Amino acid sequence: GESLELDTRRLVDGYHELRVIAHEAGPIRSQGRWIVPITTANHGRAIEVSISPRGTIPTGESLSVSARSPGSMGIAVMHNTRMLGRILGEEGKIEIEAEKLGGGPVRLHAVGLAKEPSQGNVASAPVELMIP
């Protein structure tokens with residue numbers, strides 16, 4: 001029944017997941033959670049990402065990740081917290097072998113790396129894939 005205030009100026013521009021977890025203080029500690037995607041835009045940064053092919057990618061194939069982030073010195077392509085590759089400059093493309101991602105559902109995202117620390121990085125929304 002109370003409000004939550006979030007100062008988004010402290011976050012990098014782009015995609016984030018806001019996770020709110022509530023638990024009961026009684027003897028049986030039940031829990032509820034709410035996850036909502038949010039996009040912040042306080043620092044003037046942007047990033048565009050496209051992956052081909054989309055959907056299900058057989059393990060013997062590779063996928064192509066194209067990204068563009070004006071004003072970035074580079075773009076890191078990430079699988080969770082693991083960097084899969086890096087694009088030098090504001091835009092480019094990398095190829096990733098599906099075997100490197102493991103089986104099952106996979107979420108990839110890109111981070112535009114700021115030229116100056118005061119600019120801050122920018123995070124793309126995740127792209128979901130399936131590796132059988």
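Guide: Let's start with a pair: the side chains of S64 and E95 are joined by a polar contact of 3.2 Å. This is a predicted model, where local features need pLDDT of at least 70, side-chain atom pairs count only at pLDDT 80 or more, and totals for chains, interfaces and linings use all residues. Residues are numbered from 1 along each chain as its sequence is written, and side-chain values use heavy atoms, leaving out hydrogens and water.

Visitor: Why is S64 called buried?

Guide: Its relative accessible area is 12%. Buried means under 20%, exposed over 50% and partly exposed in between (1.4 Å probe, protein chains only), so S64 counts as buried.

Visitor: Where is S64, and which residues does S64 touch?

Guide: S64 is in strand β5 (residues 62–68); strands are DSSP runs of E, at least two residues, numbered from the N terminus. Leaving aside residues up to four places away in sequence, S64 touches S50, I51, S52, K93, I94 and E95. Touching, or contact, means heavy atoms within 4.5 Å.

Visitor: Which residues does V65 touch?

Guide: With residues up to four places away in sequence not counted, the partners of V65 include V49, V77, I87 and I96.

Definitions and conventions: Helix = DSSP H or I, 4+ residues; strand = E, 2+ residues; numbered from the N terminus. Polar contact = N/O pair within 3.5 Å; in protein donor to acceptor, adjacent residues only side chain to side chain.
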